[in-house]
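Thanks for coming. I have one model to go through today, so let me put it on the screen.

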Amino acid sequence: MSKTTVHHAGNRLFLAAVVLACVWVLVPIYLLLINALSAPAEVTGFPKWFWPSFDLASIRFFLGFKGVTAALWSSVQVAVLTMVMAIGTGAPAGYALARFDFPGKQVFRFLVVMTRAFPLPLLALPLAVLFIRVGLDDTVLGLALVHTTLALPFAVLITYSLFSGIPYELEEAALTLGCNRVQAFFKVVMPLAAPGIAASAVFAFVVSWNEVFAAAVLTIEHRTLTAFLLQSLDVSPLPLKFAGGAALVVPALVFIFAVRKYLFAMWGIANR
Amino acid sequence: MAEIEIKGVGKTFRAFTALHSIDLTINDQEFVVLLGASGCGKTTLLRIIAGLEVPTTGEVWIGGRRVDRLPPRARGISMVFQNYAVFPHLTVFENIAFGLRMQRLPKPEVVRRVTRTAELMHIEQLLKRYSGQLSGGQRQRVAVARALAMEPDVILMDEPLSNLDALLRLEMRAELKGVLAASKTTTIYVTHDQVEAMSLADRIAVMHGGDIVQADRPVEVYRNPAARFVGSFIGNPPMNFLPARALGEGRWQVAGHDFVGPRSAAPQIEFAIRPEDLHPAEHGLVAEVRVVEPLGPHTLVTATVAGVMLRAVLESTLVVAPGDHLSLAPVADRIRWFDPETQKAIT
């Protein structure tokens, strides 16, 4: 009897925690969206409705705001470049970790994660100086390089778990069926890993898309959307802030939602 | 024509020696089973022949060509893997056609060969399916069909039946034997299952601790084990071993009885007899029965003789209970002798 009571209490506690966690994440997003989709007058008005009026005036104003489209374009360029570089270097590293035993493998894995242990400001300022010296400051490439270092650990870890999940036996079978190593990779591993690689590419995209500190320090003319908003939002009206926030959050949310299965895989959680 | 010659092949992984120095010649169209417990090096040897592993020492020759430095694709082999390794992103048809397409065979030839091998393996109705839609047994058939479609000189099989359930394994075993005999390829088959080895092989190479202990016809391996290990590994229940004390002049005392044995200078050797070669008789080894297991066709009796455990396969009509004393006589020409030092058979 008492055992079931304890069990029930535990269940309730669990449920409460789940609800709390959901509220914690969802309420700000909800408020952001509701305000972004309301007419400017409603944003500052009171009382509020739980359902937005779908007035696109805020969004339209935001998009028409000077510099927004340029910043948006910069963001996309940096994010795409980050994505390409992070996967281009991360996927081979992940493959090596998954398939080969080499001296220093454990250290290498540790170091990959270690790059995330340094606070970005610590890196960004010396980098800014360095970039100015070599002429990479305020360029899309320069910022993408920094974002690549941020996205790389995730790219390595996701692709590592991805390639580990593909039995080596399949590659060996391909080798005995007339493939060389490269053909075996492209004919067998690649088709199986493609969705996961796309997912980790999207994740790299989002890392870059959301990053603000390095972007703010390293760019002046070619600001990304985050850096641009950081700079101009204090001084802009409330509706613009909400619209800008939504413009940042929504793509990231959509992307992450699309690739959630693979991100769970990275943390070793099965989600089927 | 694909005779395989393995000359002094050794393999060392860092500090661990998986294979010492293997010499083995496999004739064209022969079916050789590499049999041994896990870790004996049988899979390593197979993978070296396949080209998936590079030997540390020695040479591998297939069909008169030295292949040990060639990649798998250049060796004229195909392989069936333990976990089937059916490509999940391809249909059964494309799986079987994979190697043929790599060889750039003309389309009609690809279709012809895929259809033929699929029919041979009774999977022609599955050609459009993906591996996820197949049962274990069906995947196994696809893997074999894929290997056969290559029309290789040599087929290598790495425990291909070990993931199937018992009934299916029995069925596939018989079928494989037929199909492979008809295909006229040379086959090397790795297993730890002695029954599988006995039933399939033209010749069994028993491996132990990185060496081939004996390579001979199944009956020969069973009847005349070259080493104690072979006798204890092959046969279910395995061979019985009893200590034998020298009486001189080739006479040996085993559990109080005199036997004529080999002329050896050793003070003590081992007497060995298969469980089915023991029969109740008036003058035999006195055995105290411990466990009686009626198995239907016969009864398995576990007993102790002079403190040593021994098993006997007896007539199921025999009435016997734990605690009874039986007098068991070995069939004279089935007695084998082993040197406890070298572990080898003494003749």
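I'll start with a single residue. Beyond its neighbours within four places in sequence, A:T148 is in contact with A:T82, A:M85 and A:A86, where contact means heavy atoms within 4.5 Å. A:T148 itself is found in helix α7 of chain A, residues 140–164. Is A:T148 buried or exposed? It is buried, with a relative accessible area of 8%; buried means under 20%, exposed over 50%, and partly exposed in between, using a 1.4 Å probe and protein chains only.

A word on where this comes from. This is a predicted model, in which local features need pLDDT of at least 70 and side-chain atom pairs count only at pLDDT 80 or more, while totals for chains, interfaces and linings use all residues. Residues are numbered from 1 along each chain as written, chains are lettered from A and ligands numbered from 1 in the order written, and side-chain values use heavy atoms, with hydrogens and water left out.

Now the chain as a whole. Chain A has 13 helices and zero strands; these are DSSP runs numbered from the N terminus, H or I of at least four residues for helices and E of at least two for strands. The C-alpha trace spans about 75 × 70 × 35 Å along its principal axes. Of the 272 residues in chain A, 40% count as buried. Taking contacts in chain A between residues at least 6 apart in sequence, 70% join residues at least 24 apart.
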